[in-house]
Amino acid sequence: MLGAGGAASVEVTLPAADAAAADAAGAAAAGAAGPAAADCLEDPQPPRDTFFWLGEINKASLVVNTDEGLLDAALAPAIARGLDAVLRAGNAPGGARPHSVITFEPLLIRTAGVEATLLHAGRSSQDMLATATAAATRDGLLRVAVQLRRTTTAILDVAAANIATVVPNYTNGVAAQPNSLAHELLGHVAGLARDAERIRQAYVRLNRSPMGSTVLNGSNWPLNRDRMAALLGFAAVADNAYDAGQIAGAEIPVEVGAIGTSVALHCGAYIQSLMTQYADPRPWILLRPGDGTTYVSSAMPQKLNPGLLVNVRAAASRLVTLGVGRAIAAHNLPPGMVDPRTGAAEIVDACVELLEGWERVMRALVIDPQRALDALNADWTASQELADSLMRRFGLPFRVGHHFASEVVHFARAKALRPTEFPYSEACAIYARIVGGSSDGARTEAGSTATGAQLPLSEEEFRAALDPVAIVRNRATRGGPQPAEVERMLAEARSMLERDGEWMESRRRAIDEALLSLGEQFAKYLVPEES
């Protein structure tokens, strides 16, 4: 049952890039790697940056070409030892981790000799960097998905604690109708669920390997692209070599930007709804002071500014700028330009930062149900229910009932009357003028059971129609704020998050198992040098 709200407030506490100019394009993918998909998994070590993926690509090239007789097996051990030395040096503290092919390759030549460049047959720096970028961005999308899940969980926890909290909702910036706070929050969860769906859909398109497409049309070297893709953890190959090298790479930052923009729009809308409360002398929802959520004014002692909200809103604006910017950068360019291929990593970092801030907001909320109910009863947000009740129970056409309710509101505001103070006798008089035949000619349709001049609602029924708590409790449509529907939607949202977690873990496991297999196959060639 929905109650009128308690008198006390409810506080919800929920659980080194290279300097070389040649590395600039490759380094763009470095920041996209990050924490494992499932919350319980550790961050990948070493970090899965572009240097890491260039190493894995070289390992896969050695294994595939040697196994298929394209590389002299007698040369493989020396090349493997040289590659292993480069990777060990890069993983050491302060070690060089170049992010471009042309700065990685000299290190390999230095440790393995010029014969190591035999690995470059059937590939180019373009498909290598496209593959590294796709792989790192793939990890980045999982980072976003993990934090999106955490933030959504925090919102659901607040919703579950506020099923009986009835609050004002706003349209066009004006108080509109009463609603359950849980129902309102579940609306935001539905938006984030679509963002999670966009991530999963984008991941499928991203999880296709460009490796072996070379520059744009393949090569005469019969590199086994399918096996390269499998060893690097990709579900499939990017089939058309021209698309793989020249088209798809320009789309990746744009699509990641679109996901980030959507997340930012959802976050910004919620933060702005909270910001309006800080303009009210008696807000019903605000941030718990402390831990950097608020700060005092240097001049006005009464002010406690919502710094966390301001910072999160600013982060949302930055993310929109980054996301839209990638579409602008890619617009009106011919295929083959490097300009649009960068920026996904920056968007990933900004999106994760924003979602972390939103989660922190949810954990810091202080909600006062009684104050929210007072705000509802101070205005006429329940007035539509008069028209709805008269239509549903007595067949009065909605527009006539709306006219009656509107006249009630006009009279009340002229006299500064709250809904709980409105005289029932005045409601009856207004009804008689409107329905019984007034100078403006408003009348009911023939056959209506409310054609008489007497208001068919008793005083008790009239009061109940203006009770925000009763309105929310008595909603009857699917997806409404009534407790049973809110409980159902909460349960379905929790199940959705469980499925999301399983999806993230399975995708991370697929990558990890592929790289483990690659490491084992590479180790077969990593034999000590004969003395």
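**Entry 1**

I located Ile247 in helix α8, residues 241–275; helices here are DSSP runs of H or I with at least four residues, strands are runs of E with at least two, and both are numbered from the N terminus. The model is a predicted one, in which local features need pLDDT of at least 70, side-chain atom pairs count only at pLDDT 80 or more, and totals for chains, interfaces and linings use all residues. I note that residues are numbered from 1 along each chain as its sequence is written, and that side-chain values use heavy atoms, with hydrogens and water left out.

I looked up the exposure of Ile247 and found it partly exposed, because its relative accessibility is 31% (buried is under 20% relative accessible area, exposed over 50%, partly exposed in between, with a 1.4 Å probe and protein chains only).

**Entry 2: Cysteines**

I searched for disulfides, defined as pairs of cysteine sulfur atoms within 2.5 Å, and the count was 0. For Cys351, which is in no disulfide, the nearest cysteine sulfur belongs to Cys267, 9.4 Å away. Cys351 counts as buried because its relative accessibility is 2%. Cys428 also counts as buried, at 16%.

**Entry 3: The largest cavity**

I recorded a space of about 100 Å³ in the largest cavity. A cavity is a set of points, on a 1 Å grid over the protein atoms alone, where a 1.4 Å probe fits but cannot get out; lining residues have an atom within 4 Å of a point. Its lining has 14 residues, and Ala145, Leu148, Ala196, Asp500 and Met504 lie nearest the centre. Helices α5 (125–160), α6 (181–206) and α17 (483–523) each give two or more residues to this lining.

**Entry 4: Ala136**

I placed Ala136 in helix α5. At 0% relative accessibility, Ala136 is buried. Its C-alpha atom is separated by 8.2 Å from that of Ala345, 209 residues apart along the chain.

**Entry 5: The whole chain**

I counted 17 helices and 9 strands in the protein chain. Of its 531 residues, 50% are buried. The chain exposes about 23,600 Å², with 54% supplied by carbon and sulfur atoms; accessible areas come from the Shrake-Rupley method with a 1.4 Å probe.

Technical notes:
On a 1 Å grid over the protein atoms alone, a cavity is a set of points where a 1.4 Å probe fits but cannot get out, and a pocket is an open set with protein on both sides within 12 Å along at least five of seven lines; lining residues have an atom within 4 Å of a point. Grid points are joined across faces, edges and corners, and a volume is the space filled by probe spheres set on the points.
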